[in-house]
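Subject: Structure for you to look at

Hello,

Here is the structure I promised to pass on. Please open it and keep it in view while you read my notes below.

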Amino acid sequence: MQVQAAVAESKGAPLVVQDLELDDELREREVLVRVVACAVCRADILARDQAIPFPLPGVLGHEGTGVVERVGPRVAAVRAGDHVIMSFPSDGTCRNCLRGRPRWCESGGRLMWSGRRLDGSGSALRRDGTEVGGHLFQQSAFASHVIATEMNVVAVPERLPLDRFVLGCGIMTGAGGVLNALRPGPGDSIVVFGAGGVGTSAVMAAKLANCPHVLVVEPHPGRCETARSLGATHTLDPRNDDVPERVRQITGHGAEFSLICTSDRAVLRQALAVLGDGGTCGVIGDPGADVDVSFEIASIIGSGKTIHGINGGEVVAQTFLPWLIEAHERGVFPFEKIIARYDFSDINTALRDSDTGTTIKPVLIMPG
Ligand SMILES: [Zn+2]
Ligand SMILES: [Zn+2]
């Protein structure tokens, strides 16, 4: 079938919306989804710029929502007509998947970044007979139609407006990072580094967890204002404030948790320094492949600090997203405050606004 998709031609180049051929003969556990909307996430920009390798020319986009049009063999989780949020992929069969930890799926890297299908074969996308990279997160949802898998779709009630519920990656990651991975207890404080889509979602989650101090370290004034409106009790400017000192003044002893939600590699030392003894630093922000950071080993030994890498909020999307949607409906997870909608044809503006911080979470609305 013919689909409309935004193609990233080469490293750093603007995306071009054009018609591609999609081999829509579905294989085991695959589903065909008509895309309604897809949000923009930092990882799309990293892949476009090849800081994360992904085969180009290729189609990005990994926070799609849509309607299932058809299902392939051996699909039990959804059926045609279901409204779905697309999320992280997993194979459903490896040791970690079977242990209920699909975010650590042993095939995760391949299913997210190789540009190939679930069964390992090449991309289903073609242009003039030549393969175009696809299946980013088993979606590549900067497109009118995509092949997803039953493992990375979450069926949601039809009453939800799919052009807003783009919860599949950044928002789920920030919320799950706090509520599911770090799990602050009564009286625990948290310092969130970066107030983009992940960071602001972490702030909403920290408020939901009743953290008495929710501190945000972010240079962009507009993002600080949004973070305060979502529950940040303090915002600090890393360019002017002595961040560890301010955190100690505010919390009295250092924070129990810090969470890195920026791809700025320089943040790790500070994110450790703001912790009190026994504190945990969660790391979500990915500076890209092959990036080393350094810190003093002694700074974590005597004080018993932990560095905790967190992927996708460590959640099972099929159980976490319905809970998050319910929290949103109760008014305690107001993610609509961070999204702004763009026509699909304005995709490069959306990517730029995400990159510059003008918009926290741009959402592309597919035509038709
Ligand atoms: Zn797996
Ligand atoms: Zn993402």
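Strands here are DSSP runs marked E of at least two residues, numbered from the N terminus. Note that the model is predicted.

**Strand E15**

Gly279 lies in strand E15, which covers residues 275-283. Is Gly279 buried or exposed? Buried means under 20% relative accessible area. Gly279 has 2% relative accessibility, so it counts as buried. Leaving out residues up to four places away in sequence, Gly279 touches Ala255, Glu256, Gly304, Lys305 and Thr306. Look at Gly304 in particular. Along the chain, Gly279 and Gly304 are 25 residues apart. Their C-alpha atoms are separated by 7.3 Å.

**Helix H4 and its two partners**

Start with H10. Helix H4 runs over residues 170-182, and helix H10 over residues 317-329. They pack at an angle of about 95°, and their axes are 11 Å apart. That angle makes H4 roughly perpendicular to H10. Which residues of H4 meet H10? They are Ile171, Met172, Ala175, Gly176 and Leu179. From H10 come Ala317, Phe320, Leu321, Trp323 and Leu324. Sorted by class, this contact of H4 with H10 has 9 nonpolar residues, 1 polar and no charged ones.

Now turn to H5. H4 and H5 pack at an angle of about 40°, with axes 7 Å apart. The two helices are therefore oblique to each other. H4 passes H5 in a right-handed crossing. On the H4 side, the residues that meet H5 are Gly170, Ile171, Thr173, Gly174, Ala175, Val178 and Leu179. On the H5 side they are Gly197, Val198, Ser201, Ala202, Ala205, Ala206 and Leu208. By class, the contact of H4 with H5 has 9 nonpolar, 5 polar and no charged residues.

**Thr200 in H5**

Thr200 has its place in helix H5. What does its relative accessibility make it, buried or exposed? The value is 0%, so Thr200 counts as buried. Not counting residues up to four places away in sequence, Thr200 touches Ala195, Leu230, Ile338 and Ile360.

**Helix H6**

Leu230 turns up again here. Helix H6 covers residues 221-230, and its buried residues are Arg223, Cys224, Thr226, Ala227 and Leu230. Why do they fall on the same side of H6? They cover an arc of only 160° around the axis, which puts them there. Here is the background: an α-helix has 3.6 residues a turn, so residues three or four places apart point the same way. On the other side of H6, Pro221 and Glu225 are exposed.

What covers the buried residues of H6? The cover includes helix H5 (197-208), strand E12 (214-217), strand E13 (234-236) and helix H11 (347-356). Just after H6, Gly231 takes a positive phi of about 130°.

**Helix H11**

In H11, the buried residues are Ile347, Ala350, Leu351, Asp353 and Ser354. Their arc around the axis is only 165°, which puts them on the same side of H11. They pack against H6 and helix H1 (42-48). They also pack against four strands: E1 (2-8), E2 (15-22), E17 (339-343) and E18 (361-365). Just after H11, Gly357 takes a positive phi of about 90°.

Best wishes

How values were computed
Residues are numbered from 1 along each chain as its sequence is written. Chains are lettered from A and ligands numbered from 1 in the order in which they are written. This is a predicted model: local features need pLDDT of at least 70, side-chain atom pairs count only at pLDDT 80 or more; totals for chains, interfaces and linings use all residues. Side-chain values use heavy atoms; hydrogens and water are left out. Axes are lines fitted to C-alpha atoms, for helices over the stretch in contact, and angles run from 0 to 180 degrees between N-to-C directions. Angles under 35 degrees count as roughly parallel, over 145 as roughly antiparallel, 65 to 115 as roughly perpendicular and the rest as oblique. Contact means heavy atoms within 4.5 Å. Ala, Val, Leu, Ile, Met, Phe, Trp, Tyr, Cys and Pro count as nonpolar, Asp, Glu, Lys and Arg as charged, and the others, Gly among them, as polar. Buried means under 20% relative accessible area, exposed over 50%, partly exposed in between (1.4 Å probe, protein chains only). The arc is that of the directions from the helix axis to the C-beta atoms. A crossing is left-handed if the near helix is turned anticlockwise from the far one by less than a right angle, and right-handed if clockwise.
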